[in-house]
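Let's take a walk through this protein together, one element at a time. Please keep the sequence and the 3D view open beside you as you read.

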Amino acid sequence: MVRIIPMASSIRPSLSSFRFSATSRLGPSPSPRHLPSRRLAFSHLGSVVYQSQSFGMRASRLLGGQSSVTAASTPGNISQASTTATQENILDWVKQDKRRLLHVVYRVGDLDRTIKFYTECLGMKLLRKRDIPEEKYTNAFLGYGPEDSHFVIELTYNYGVDKYDIGTAFGHFGIAVDDIAKTVELIKAKGGKVTREPGPVKGGSTVIAFIEDPDGYKFELLERGPTPEPLCQVMLRVGDLDRSISFYEKAFGMELLRTRDNPEYKYTIAMLGYGPEDKNVVLELTYNYGVTEYDKGNAYAQIAIGTDDVYKTAEAIKLCGGKVTREPGPLPGISTKITACLDPDGWKSVFVDNIDFLKELE
């Protein structure tokens with residue numbers, strides 16, 4: 001958390017955008033699953049190496065250790081120790097920060113059509129809508145409970161744009177249901193597209209199915225008992241799983257809940273989040289063997305995460321090698337403080353001040 005690189009960028013949910021081997025699971029098939037090397041960019045913290053330090057170390061060797069100039073006492077090492085302590089304080093703070101996944105943002109070509117599908121087929125509720133005519137876009141928020149306590153979907157419709165490219169990097173959203181067969185039949189009856197019939201997941205016992213919404217976004221249905229967070233997964237593909245896990249643990253303060261390797265289908269997944277899978281939404285990162293880059297398209301936008309301090313959050317992100325695309329501060333015209341960043345693969349996240357977020361809902 002030190003120097004912040006100034007960057008002009010205005011954040012608007014409707015304006016963030018960013019093919020490969022057939023053996024990788026790009027869609028909702030039971031075949032190989034979808035699944036970025038990060039360099040820790042500490043250079044901006046700049047530990048200074050003084051000439052007297054290098055001279056003192058050489059003199060010490062020449063005099064058999066009798067030099068009064070020691071590595072531990074030189075200005076460069078004192079500066080480096082101070083920097084290290086600051087880094088540790090920042091990363092410790094991240095672990096204590098009150099964070100929660102708030103919503104996921106993506107673009108659709110027909111807002112009313114998508115709202116109808118999500119409410120009638122997937123059982124979601126339309127929580128609110130907002131139209132911003134001067135910016136020519138409309139948002140709709142849908143989910144299974146209030147925004148102040150549940151993870152929700154933020155749909156964005158840009159005036160006059162009826163189609164987007166989903167690309168190969170985005171995977172799917174996950175929804176937990178009590179009766180998967182009944183849910184699939186309802187979706188079929190409403191004209192929805194089922195791309196994988198209900199059945200056990202490959203190599204496991206969880207019963208799943210895959211469907212597509214009218215814009216082609218994939219949803220994995222998972223049969224589970226009652227849960228406080230039915231909208232339970234966002235799956236994204238990455239090119240270096242270890243690098244991504246390290247970044248999300250350190251910069252985002254997420255917990256690695258579990259990993260699963262499936263060598264038969266040549267993919268590995270990692271589940272990360274802010275609480276147990278059965279009670280919270282999780283980020284599912286998927287690595288397909290040998291695939292390091294994907295096409296992100298321009299449809300999926302970002303996830304939003306609550307934080308107690310967007311300024312410290314931005315510093316932690318830079319410290320861990322992430323790229324801050326919007327410096328922390330209030331949005332123009334309103335008091336809500338945010339900061340936006342990219343992970344090592346270019347996936348975008350927006351951190352929102354917790355108190356400001358609740359005020360905005362009021």
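How many of the seven residues of strand S12 (residues 282-288) are buried? Six of them are, so to speak, under cover, and S12 is mostly covered. Keep in mind as you look that this is a predicted model.

The protein has seven helices and 16 strands. Its chain counts 362 residues, of which 52% are buried. The protein exposes about 16,600 Å², and 53% of this area is supplied by carbon and sulfur atoms.

Now back to S12 and the strands beside it. Strand S9 (residues 231-237) pairs with S12 in the parallel sense, over five bridges. You can pick out one of the partners here: arginine 237 has threonine 286 in S12 as its bridge partner. Strand S11 (residues 267-273) also pairs with S12, but these two run antiparallel and are joined by seven bridges. Along this pairing, alanine 270 stands opposite leucine 285 of S12, and glycine 273 stands opposite valine 282.

Zoom out from these pairs and you will find an open sheet of eight strands, in the order S6-S7-S8-S5-S9-S12-S11-S10, with mixed pairing. Its edge strands are S6 (193-200) and S10 (255-262), each of which pairs on one side only. From one strand to the next, the twist averages 20°. A helix also belongs in this view: H5 (residues 241-250) lies across S10, S11 and S12, and it runs at about 0° to S11.

Next, turn to helix H4 (residues 180-189). Which side of this helix is covered? In H4, Ile180, Thr183, Val184 and Ile187 are buried. Because these four cover an arc of only 95° around the axis, they lie on the same side of H4. As for what the buried residues meet, they pack against helix H3 (111-120) and against strands S5 (170-177), S6, S7 (207-212) and S8 (218-223).

The two ends of H4 are worth a look as well. At its start, a side-chain oxygen of aspartate 179 comes to within 3.3 Å of the backbone nitrogen of alanine 181. After the helix comes glycine 191, with a positive phi near 90°.

Beyond its neighbours within four places in sequence, alanine 181 is in contact with Pro198 and Glu223. The C-alpha atoms of alanine 181 and alanine 209 are separated by 8.8 Å, although the two residues are 28 residues apart along the chain.

Another alanine to find is alanine 176, in strand S5. Is it buried or exposed? Its relative accessibility is 9%, and with the cut-off for buried set at under 20%, alanine 176 counts as buried. Leaving out residues up to four places away in sequence, alanine 176 touches Leu222, Arg224, Thr227, Pro230 and Cys232. Alanine 176 and glutamate 220 are 44 residues apart in sequence, while their C-alpha atoms are 8.4 Å apart in space.

The last stop is threonine 307, which lies in strand S13 (residues 300-307). Threonine 307 is buried, with a relative accessible area of 0%. What does threonine 307 touch, not counting residues up to four places away in sequence? The list holds Trp93, Asp97, Lys98, Arg99, Thr313, Phe351, Val352, Asp353 and Asn354. There is a polar contact to find here too: a polar atom of the threonine 307 side chain lies 3.2 Å from the backbone nitrogen of aspartate 309.

Terms used
Residues numbered from 1 in each chain as written. Predicted model: local features only at pLDDT ≥ 70, side-chain atom pairs only at ≥ 80, totals over all residues. Heavy atoms only, no water. Buried < 20%, exposed > 50% of the residue type's maximum accessible area, 1.4 Å probe, protein only. Areas by Shrake-Rupley, 256 points an atom, 1.4 Å probe, with all protein chains shown as cover. Pairing = 2+ DSSP bridges. Axes fitted to C-alpha atoms, helices over the stretch in contact; angles between N-to-C directions. Contact = heavy atoms within 4.5 Å. Arc of directions from axis to C-beta. Polar contact = N/O pair within 3.5 Å; in protein donor to acceptor, adjacent residues only side chain to side chain.
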